[in-house]
Amino acid sequence: MNETIQNSRDEEPCGPHVAPCIERLLRVQKPGRYIGKEFNAILKDPGACEFHMALAFPDVYEIGMSHLGLKILYSIVNSRPGMYAERVFAPWPDMEQALREQGQPLVTLETGTPLGNLDVVGFSLQYELCAATVLQMLDLGGIPLRSRDRSDGDPLVIAGGPVAFNPTPMSPFIDAFVIGDGEEAILEIAQEYIQWKRSRETRQELLSRLKTISGIYVPALHEPGEIVRKRIVVDLDQAPFPTNAPVPFCETVHDRIGMEIARGCTRGCRFCQAGMVYRPVRERSARSIIDLVLQSLRETGYDEIALLSLSSGDYSHICDVIRTLNAELAPRKTATSLPSLRTDTFDSQMAAEIRKVRKTGFTLAPEAGAERLRRIINKGNTEADLERALTQAFEYGWQSVKLYFMIGLPLETDEDIEAIANLARKAAKIAGRKKITVSVSSFVPKAHTPFQWAEQIDIPEIKRRQASLRRALTKARATVKFHAPEMSFLEGLLARGDARMSDVIETAYKNGARFDGWDDQLRLPLWLEAMERHGLDPHSYLRARGLDEALPWDFVDIGVSKAFLFEEWQRALREEATEDCRHGQCAGCGVCDFEKIYPRLGQALTRECAEESPRNAAPEHQASQRRFRLQYRKKGPMSLLGHHDIERAFHRAFRRVGLNLAYSQGFHPHPRMRFSPPTGLGIESECEFVDFDVVGYEEESGRLLETLKSALPEGISPVSLVETPLNEPPFFAKLQYVTYQIVAQDHVSLDALEAGVREFHESTSFVMSDVRKGKRRSRDLKTWIARLERRDNTLQMVLKTSPAGSVNPREAARTILGLTLPRRCRSK
Ligand code: SF4
């Protein structure tokens, strides 16, 4: 095995179509966030595209890449010739610091284009607490923060997502908002932009063009009294779904295919903004779900799919879909999961289907502990529903269940807090020795919901209720987790914020606010100072709203009438339930025209489809098993991936080419792949190995090698492939020595290299001190380095290794040379 470490001297400059700056990446916590180059990432020539935009996600890569909406828009824009959508995610503070120190702008992931050089930057606003991070991205991208300060040469800044339903606080920073579903609107914006570009009109004229598009709100041109009606994609089966989304290397928050089985929900939970703004319910047909899932798996290599909607258990043919998918996917160990479920929709049929493959996490959302409060919020589930769902989950093999509750709901009393504790205790009793986690968030009233008029409790009251619940659950066998009160408080200020909040957002950003949705990043005092500076009382944003009061979001028409929301608020006060209109009577919310827009239930599978047998793989015990050993190189940004990221990249590549890997037995089967020991971060390698076992593969190894060459990401290059006996020990068991080449930086003279080597050879011991898991330790390099010599400006170092590990070559070189850490590594 032969590896080289090279210093940063050969580093490429940042810019279009170049590798990310490895020097900079080695300074940050998670370089994998910034390297791009994922399988399925789209590279076009920006110079050949009339429309070049970035889909900007104001949070880190791992969160942004878990978001389906971003992938949908990426696929839609890039499917059009002459249009190019790249991605950009918020840089974590360590990367922001590196960019600022080096005077570098924030750039797109695909081509390294500075944001300020794009035609359009489109933000996805998923959460109110991303407000300051949006400004961070604009600022780092070289784009003036305020719309009014942008000139013809600056990008157009657009935004959409749930937060856009109350766009007022962010209005000064955004040129145009997309209200509602974005699939059609994004292309209409692109077409208008291209027409505008060709006509060489002013920026003002561009905004006027955009204002003519349905669902677009242009703050600068908005007249008092004007209404902006949301966009609706009426038929989900006609909407594009991204089956070939980029496949991240690093682990994302939702590391799986998210299949949107339905949009909208008509259950009518009165606290739920998504349930109101995304009405009516529109289900995809069962056949289409299955086809899209299978195609997505082939094109990405994931091993888990999640069937997503606001209430997945309500999907009309959920059991048929899970059963059919399982028949296809269980032999390939592909798991099916559902996001948090209502307690009344989980039944034994569903449990029986999901248990057939790996059991993914299981979450139930009773929301409130007492039946009275559940009636008030219109949740409509009963204690018996929860008990039945829990019993079935544990009977069918789940080891842990998470329960979601909210505190601070309107009309909540101390008895309701006690009722949460009672329910959690019952759940823990049913769980026995298995695990119950109780996750408790605080209610935040949202715009366009029946509870938009409600009061929000402040931080001391949240803490009091949390303490009371914690006390009540002291002896229960349940883990309790609380959402940070400060975060709910700030979310509340922004969610029902008005125009005066814009100055607060800008001041808080300029004083250092970023990533406020992260517990360890939120600094509430910055926001309170900003409120004070602008003469605002935070509590005035938490207060109950008057029923005749004009609300900042009144000009946004979500289709659901204010009269309906008001009536629902009154029904809540009377503890009256409102039925789901999906199967029953229309409750008159107002969103449907019953010509094009109406609740659409998905078509069922035909009997043949529902009963058809697995097509893909023979059962493992019937098929022959073979073991292969692949040698590969790891170069460039791939050297910045952690060992698990590399494993993941291989696993998904194997799946994409249809290889049936053999799996371990047990509750959580793992694919049988064994890699050579991890190299340090940033070390390129000429000679890495992976041993893997395959079931039912009949071709010769040469053909498999060619297949893998095309399936693995750029920078991981297969060199050779041999078949080994099934009882062959893994490669790492035999490995004794590793050769590294460490190229000295410019400021290190040949004399210094020579002196370091000479001193090493003349010493009887050469102690290296390093820190591992927070503890300092000393090791004698004389026992680890088998050979050391200088060749020109390079140290050739042969290190002993064993399954128990070795020493870090970079640290060893630093010790020998007494130099700063060499940055970049390369193998030969
Ligand atoms: S208009 Fe009627 S049918 Fe349509 S979503 Fe509203 S309540 Fe349901």
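Tutor: Start with the shell around the ligand: its residues divide into nine nonpolar, three polar and one charged. Here Ala, Val, Leu, Ile, Met, Phe, Trp, Tyr, Cys and Pro count as nonpolar, Asp, Glu, Lys and Arg as charged, and the others, Gly among them, as polar. This is a predicted model: local features need pLDDT of at least 70, side-chain atom pairs count only at pLDDT 80 or more, and totals for chains, interfaces and linings use all residues. Residues are numbered from 1 along each chain as its sequence is written, and side-chain values use heavy atoms, without hydrogens and water.

Student: Which residues come nearest to the ligand?

Tutor: Of the 13 residues around the ligand, Cys581, Cys586, Ala587, Cys589 and Cys592 do. Near means that a heavy atom of the residue lies within 4 Å.

Student: How do I read a sheet? In what order do the six strands run?

Tutor: Strands of a sheet pair through backbone hydrogen bonds, either parallel or antiparallel. In this structure the order is 3-2-4-5-6-7, in an open sheet with mixed pairing. Strand 3 (83–89) and strand 7 (216–217) are at the edges with a single partner each, so one side of each has no neighbour in the sheet. Strands are DSSP runs of E, at least two residues; helices are runs of H or I, at least four; both are numbered from the N terminus. Two strands pair if DSSP finds at least two bridges between them.

Student: How many bridges join strand 4 and strand 5?

Tutor: Five, in the parallel sense, between residues 120–124 and residues 156–160. In one of them, glycine 122 has isoleucine 158 of strand 5 as its bridge partner.

Student: How do I read a salt bridge?

Tutor: Look for a side-chain nitrogen of Lys or Arg within 4 Å of a carboxyl oxygen of Asp or Glu. The whole structure has 76 salt bridges. Take arginine 648 and glutamate 251, which meet at 3.8 Å, N to O. Arginine 648 is in helix 22 and glutamate 251 in the loop between strand 8 and strand 9, 397 residues apart.

Student: Is glutamate 251 buried or exposed?

Tutor: Exposed, with a relative accessible area of 53%. Arginine 648 is buried, at 14%. Buried means under 20% relative accessible area, exposed over 50%, partly exposed in between (1.4 Å probe, protein chains only).
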